[in-house]
Amino acid sequence: MDLIIRNAKLRDKKELYDLGIENGKFTQIETTIKDEGKQEIDAGGNLVIPPFIESHVHLDSALTVGNPRFNESGTLLDGIAIWGEYKEGITKERIKATAKETILWEMANGVLRIRTHADSTEPNLLTVQALLELKEEMRDYVDIQVVAFPQDGILAHPQSAELLEKAVKMGADVIGGIPQVEFTREDGIRSIEIVFELAQKYEKLIDIHTDETSDDQSRFAEVIAKHAVLSGMEGMVTASHTTAMHNYDNDYAAKLIGLLKRAEINIITNPASNALLQNRLDGYPRRRGHTRVDELLHAGVNVSIGNDNIMDPFGPLGKGSMLQSANLLIHTAHLSGSNLIPKVFDLITINGAKTLNLTDYGIELGNQADLVILDAKDEYEALRLLSEAIYVVRKGRVVVETKVAEREITLGSETVTVDFKR
Ligand code: FE2
């Protein structure tokens with residue numbers, strides 16, 4: 001056997017397990033594997049999980065914060081304007097360099113599946129080209145889906161529709177949209193129709209920036225649900241953000257959630273960016289820009305989490321940690337029930353896999369041997385401590401190894417260590 005992980009705590013099992021890996025796949029999962037591995041790692045009872053899933057990130061804008069200027073107002077519209085200024089001097093090499101650095105951050109945090117949006121309104125499509133090239137160059141280490149994302153709208157600019165289709169022909173995996181920035185509600189609806197037409201023509205998934213506004217009159221999620229049902233694309237369509245849902249009246253929200261469930265729409269919430277960008281004009285009391293995660297989950301809608309913005313004009317902080325975004329969501333979305341905290345872990349693992357329509361994901365016999373050993377005994381501890389990924393394994397090979405911090409406190413003649421664990 002090429003690699004054996006000993007004493008792994010798996011999420012749904014009480015006993016510890018040994019995981020045997022050969023030719024990049026899980027070939028044995030037993031309480032005790034008698035064979036010896038060429039390489040062995042003792043997980044020591046720590047939680048071992050399939051890789052985290054980054055459901056929604058913008059690798060093209062990541063790490064550009066402050067360039068050419070900082071987003072002082074913090075609004076989404078100013079973020080879009082600053083990103084537009086940055087794009088004017090863009091080069092493919094520069095995008096690839098910052099995007100690759102961000103990918104390495106995500107890998108170090110245990111993320112090996114990424115869905116990134118690539119701005120497809122840049123006239124030379126350098127952003128799309130750059131991210132498609134990176135996807136190929138990093139293929140041995142991380143799986144990347146690229147969304148052709150018409151940042152400034154499909155109908156609001158004359159070239160956008162043509163550029164979007166060109167980006168799809170270049171190899172984008174997913175088709176994006178942003179109906180709420182189109183000139184009118186009618187144009188927003190038409191833009192959704194264009195996305196579905198392209199998705200069916202080129203057999204692609206759909207992921208639309210949907211109702212990413214505080215405006216409770218922004219109601220495009222219902223249109224997306226309708227087209228998912230009409231086109232038979234249930235399960236293949238994602239509505240990212242849906243922050244306006246926070247502000248809808250409860251009767252409309254209840255109806256909408258039923259439609260989303262029926263159409264099997266995946267919802268992605270981006271806790272950090274949504275909290276920062278939404279309801280900026282509220283004064284006090286200040287509503288928070290989160291979609292209704294608890295109600296969606298309760299209704300059986302698939303919800304996953306994205307970091308969205310990592311040090312860019314939309315979100316100045318972040319380090320590509322799914323645990324950090326999940327921790328934030330627990331607080332901002334009131335998900336602190338004892339049965340809810342472990343469920344939030346699904347939003348950065350198996351729910352993300354469903355959103356991305358992934359197969360071959362999970363610690364199961366025959367699956368590709370991708371896994372993360374966390375410095376935590378369970379999901380609760382990982383979410384509380386934002387635990388380090390001690391080892392990250394890709395296709396049976398260790399790609400990340402992390403030395404966990406050791407803290408010593410001197411109390412007179414006594415020295416004690418602290419690791420925050422209970
Ligand atoms: Fe986004």
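This is a predicted model: local features need pLDDT of at least 70, side-chain atom pairs count only at pLDDT 80 or more; totals for chains, interfaces and linings use all residues.
H6 itself covers residues 221-230, and its buried set is made up of Ala221, Val223, Ile224, Ala225, His227 and Ala228. Just past the end of H6 comes Gly232, with a positive phi of about 70 degrees.

Helix H10 takes in residues 322-332 and helix H11 residues 340-347; their axes come within 10 Å and cross at roughly 140 degrees. With that angle, H10 counts as oblique to H11, because the cut-off for roughly antiparallel is over 145 degrees. The crossing of H10 past H11 is right-handed. What do the two helices bring to the contact? On the H10 side there are Leu323, Ala326, Leu329 and Ile330, and these meet Ile341, Val344, Phe345 and Leu347 of H11. Sorted by class, the contact comes out as eight nonpolar residues, with no polar and no charged ones.

Zooming out, the protein chain splits into two domains. Domain 1 is put together from two stretches, 3-50 and 362-407, while domain 2 runs over 52-355. Taken over C-alpha atoms, the centres of domain 1 and domain 2 are 30 Å apart. Where the domains touch, 23 residues of domain 1 are in contact with 22 residues of domain 2.

Then there is the backbone. As a rule, most residues other than glycine have a negative phi, and most peptide bonds are trans. The bond from Asn67 to Pro68 is cis, with omega near 5 degrees, and Pro68 sits in the loop between strand E6 (52-57) and helix H1 (76-88). Tyr284 and Pro285 are also joined by a cis peptide bond, here with omega about -5 degrees. Pro285 belongs to the loop between helix H8 (271-277) and helix H9 (293-298).

Glu264 lies in the loop that links H7 to strand E12 (266-269), and with a relative accessible area of 45% it is partly exposed. Met311 is another non-glycine residue with a positive phi, near 55 degrees. Its loop is the one between strand E13 (303-305) and H10, and at 27% relative accessible area Met311 is partly exposed as well.

Finally, is the loop residue Gln151 buried or exposed? Gln151 lies between strand E8 (143-149) and helix H4 (160-170), and its relative accessibility is 7%, so this residue counts as buried, the cut-off being under 20%. Leaving aside residues up to four places away in sequence, Gln151 touches Ile80, Trp83, Asp119, Thr121, Ile178, Val181 and Phe314.

Conventions:
Residues are numbered from 1 along each chain as its sequence is written. Side-chain values use heavy atoms; hydrogens and water are left out. Buried means under 20% relative accessible area, exposed over 50%, partly exposed in between (1.4 Å probe, protein chains only). Helices (H or I, at least four residues) and strands (E, at least two) are DSSP runs, numbered from the N terminus. Axes are lines fitted to C-alpha atoms, for helices over the stretch in contact, and angles run from 0 to 180 degrees between N-to-C directions. Angles under 35 degrees count as roughly parallel, over 145 as roughly antiparallel, 65 to 115 as roughly perpendicular and the rest as oblique. A crossing is left-handed if the near helix is turned anticlockwise from the far one by less than a right angle, and right-handed if clockwise. Contact means heavy atoms within 4.5 Å. Ala, Val, Leu, Ile, Met, Phe, Trp, Tyr, Cys and Pro count as nonpolar, Asp, Glu, Lys and Arg as charged, and the others, Gly among them, as polar. Domain bounds come from an automatic or database domain assignment.
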